[in-house]
Amino acid sequence: MIFIDWISEPQHANFNRAFFAAAQLPIKKLIVFSNQLAIEHVNCVLLNEDASRFKRALIILKLFFKYRNRRLIFLTYDPLFVPLLGMLGKPVVVYEHNTTPESKGQ
């Protein structure tokens, strides 16, 4: 399985560590966009940390095709672009844990 932390917020590091410590899954790779999310015992791949939202979506699209024969699981995702992946004919698997944007209030 290949895990992707699409949003890669640095404060997500503790969640990722806890998730991989608890998960008894065959983890092949964790793809992140922040070096603060690298985990020692997991094969981590760091991608362009400074990519804009649109560029990051294009990177994810390329990964989606590159690993089309593998199971991809998104630990975080961009709610604007993830529906587009669903239209490509491959199931999109996300681990939902408060990814949905909230209003900041006014």
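So, Ile-73 sits opposite Val-93, a residue of strand E5, and that is where I want to start. E5 covers residues 93-94, and it pairs with E4 in the parallel sense over two bridges. When I say that two strands pair, I mean that DSSP finds at least two bridges between them.

Quick housekeeping. This is a predicted model, so local features need pLDDT of at least 70 and side-chain atom pairs count only at pLDDT 80 or more, while totals for chains, interfaces and linings use all residues. Residues are numbered from 1 along each chain as its sequence is written, and side-chain values use heavy atoms, with hydrogens and water left out.

Okay, the sheet. Five strands form an open sheet, in the order E3-E2-E1-E4-E5, and the pairing is parallel. The edge strands are E3 and E5, each of which pairs on one side only.

Let's walk across it. E2 and E3, the latter being residues 44-46, are parallel and share three bridges. Here Val-32 stands opposite Leu-46. Then E1, residues 2-5, is joined to E2 by four bridges, again parallel. In that pair Ile-4 has Ile-31 as its bridge partner, and Asp-5 stands opposite Val-32. On to E4: four bridges join E1 to it, and the two run parallel. Which residue of E4 is the bridge partner of Asp-5? That's Thr-76.

Now, how enclosed are these strands? By buried I mean under 20% relative accessible area, by exposed over 50%, with partly exposed in between, using a 1.4 Å probe on protein chains only. For E4, residues 72-76, five of the five residues are buried, so this strand is largely enclosed by the rest of the structure. E2, residues 29-32, is covered on both faces: Lys-29 and Ile-31 are buried on one side, Leu-30 and Val-32 on the other.

Next, helix H1, residues 13-22. Together with E1 and E2 it makes a right-handed β-α-β unit. Right-handed means that, with the strands pointing away from the viewer, the path from the first strand over the helix to the second runs clockwise.

Which residues of H1 are buried? Ala-13, Asn-16, Phe-19 and Phe-20. They cover an arc of only 130° around the axis, which puts them on the same side of H1; the arc is that of the directions from the helix axis to the C-beta atoms. The face turned away from that side carries the exposed residues Asn-14, Ala-21 and Ala-22. And what covers the buried residues of H1 includes E1, E2 and E4.

Asn-16 deserves a slide of its own. At 0% relative accessibility, it counts as buried. Leaving aside neighbours within four places in sequence, Asn-16 is in contact with Asp-5, Leu-30, Leu-37, Ile-39 and Leu-75, where contact means heavy atoms within 4.5 Å.

On to the cores. In soluble globular proteins, nonpolar side chains tend to be buried together. My definition of a nonpolar core is a set of buried Ala, Val, Leu, Ile, Met, Phe, Trp, Tyr and Cys residues joined through side-chain atoms within 4.5 Å. The largest one has 16 residues, and those with the most contacts inside it are Ile-4, Trp-6, Ile-60, Phe-74 and Leu-85. The elements giving two or more residues to this core are E1, helix H2 (53-66), E4 and helix H3 (82-86). The largest share, four residues, comes from H2. Take Ile-60: beyond its neighbours within four places in sequence, its contacts are Ile-4, Trp-6, Phe-33, Phe-74 and Leu-85. Apart from that core lies another, of 12 residues, among them Phe-3, Val-32, Val-42 and Ile-73.

Last slide, the whole chain. We have three helices and five strands, and along the sequence the pattern is β-α-β-β-α-β-α-β. The radius of gyration is 13 Å, close to the 13 Å that the globule rule gives for 106 residues, so the chain is as compact as a globular protein of that length. For the record, that radius is taken over C-alpha atoms, and the rule is 2.2 Å times the number of residues to the power 0.38. The C-alpha trace spans about 40 × 35 × 25 Å along its principal axes. Of the 106 residues, 38% count as buried.
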